[in-house]
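Student: I would like to learn how to read a structure step by step. Could we take one feature at a time?

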Amino acid sequence: MAKRQHIDEILRDWPYEPQSISVRLVKAGKGREVIQMRVEMGLLQIETEGRPDGARPEGYETYFDYLQTLVMGAGRFTLDEEQCNEIDREFVQFYHRRVCWLAMRQYRKAMQDADHTLALMDFCREHSPDEQWTITHEQYRPFVLFHRTQAAALAELEEEENDPEAAVNAINEGLQQLRDVFVRYGVEEDFDEDDLVAKLVELREEMRQKHEVGRTLREQLEDAVAAEQYERAANIRDELARREVGH
């Protein structure tokens, strides 16, 4: 009897829902877990470790890892067409897995995948073959930063420590990183009207209200420095240092 190759039963038992992200963890071969993501015309199966497609480009964990070895000792290095295509593949793969981690509330893992993407974006900007190719990737940097900031804040709330003040600080840090991007590309005047910025501000204020968080120590430090209250700023720095030691 021929081995069955279709997935009709899986798709029938797991209907596609266009208004939501449907993901699950399942057991696969060799005792590993994989992510499955239901899409309109089937499903994606994504590895939870290493590169999402399970490949080891040139023997390395990711294509980015391989590229970094090419740069070492190479002097000036410019990406060629084949390398650009492989980078684009890796961007898409890590995007899919990041979205899955967020849907499954695996926020630290979402942060790790966002960090990989941001570092690869930095590499692309430095070694890009032309400005237009750079822009095709840089335009997504705010979206990746949004995901990372969202994940960092929610991780602080949902982990054992349950630290709402740290969650607010995480959003503030992400907002500053977003502002830096707007400044770099000369569009700082658009920052306050940006949809992603507005969503993060809304999330931050919801956290403040729900968890009764006023001005965090870091925010109080910024206020004191801005008001040139240096003695107060020094006291706040001491308190922040004590908290760091306590953690």
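Tutor: Let us begin with accessibility: a residue is called buried when its relative accessible area is under 20%, exposed when it is over 50%, and partly exposed in between, using a 1.4 Å probe and protein chains only. Keep in mind that this is a predicted model, in which local features need pLDDT of at least 70 and side-chain atom pairs count only at pLDDT 80 or more, while totals for chains, interfaces and linings use all residues. Residues are numbered from 1 along each chain as its sequence is written, and side-chain values use heavy atoms, with hydrogens and water left out.

Student: Is glutamate 58 buried or exposed, then?

Tutor: Glutamate 58 counts as exposed because its relative accessibility is 57%. To say where it lies, we need helices (H or I, at least four residues) and strands (E, at least two), which are DSSP runs numbered from the N terminus. Glutamate 58 is in the loop between strand E3 (42–47) and H2, and its phi is near 55°, a positive value in a residue other than glycine.

Student: Where is arginine 105, and what is its phi?

Tutor: Arginine 105 is placed in the loop between H3 and H4, with a phi near 60°, again positive in a residue other than glycine. With a relative accessible area of 51%, arginine 105 is exposed too.

Student: What is meant by a nonpolar core?

Tutor: In soluble globular proteins, nonpolar side chains tend to be buried together. A nonpolar core is a set of buried Ala, Val, Leu, Ile, Met, Phe, Trp, Tyr and Cys residues joined through side-chain atoms within 4.5 Å. The largest one here has 52 residues, of which Leu79, Ile87, Cys100, Ile171 and Met207 touch the most other members. Among the elements that each supply at least two residues of this core are strand E2 (33–39), helix H3 (81–103) and helix H7 (164–184). Apart from it lies another core, of six residues, including Leu221 and Ile236.

Student: Which residues does isoleucine 87 contact?

Tutor: Taking contact as heavy atoms within 4.5 Å, and leaving aside neighbours within four places in sequence, isoleucine 87 touches Tyr63, Leu67, Leu79, Leu120, Cys124 and Trp133.

Student: How many disulfides are there?

Tutor: A disulfide is a pair of cysteine sulfur atoms within 2.5 Å, and by this rule the count is zero. For cysteine 124, the nearest cysteine sulfur, that of cysteine 84, is 7.2 Å away. Cysteine 124 is buried, at 2% relative accessibility, and cysteine 100 is buried as well, at 0%.

Student: How many aromatic pairs are there?

Tutor: Rings of Phe, Tyr and Trp (its six-membered ring) pair if their centres lie within 6.5 Å; planes under 30 degrees apart count as stacked, over 60 as edge-to-face and the rest as tilted. The structure holds six such pairs. In one of them, tyrosine 60 and tyrosine 66 have ring centres 5.9 Å apart and planes at 40°, so this pair is tilted. Tyrosine 60 is partly exposed at 33% relative accessibility, whereas tyrosine 66 is buried at 18%.
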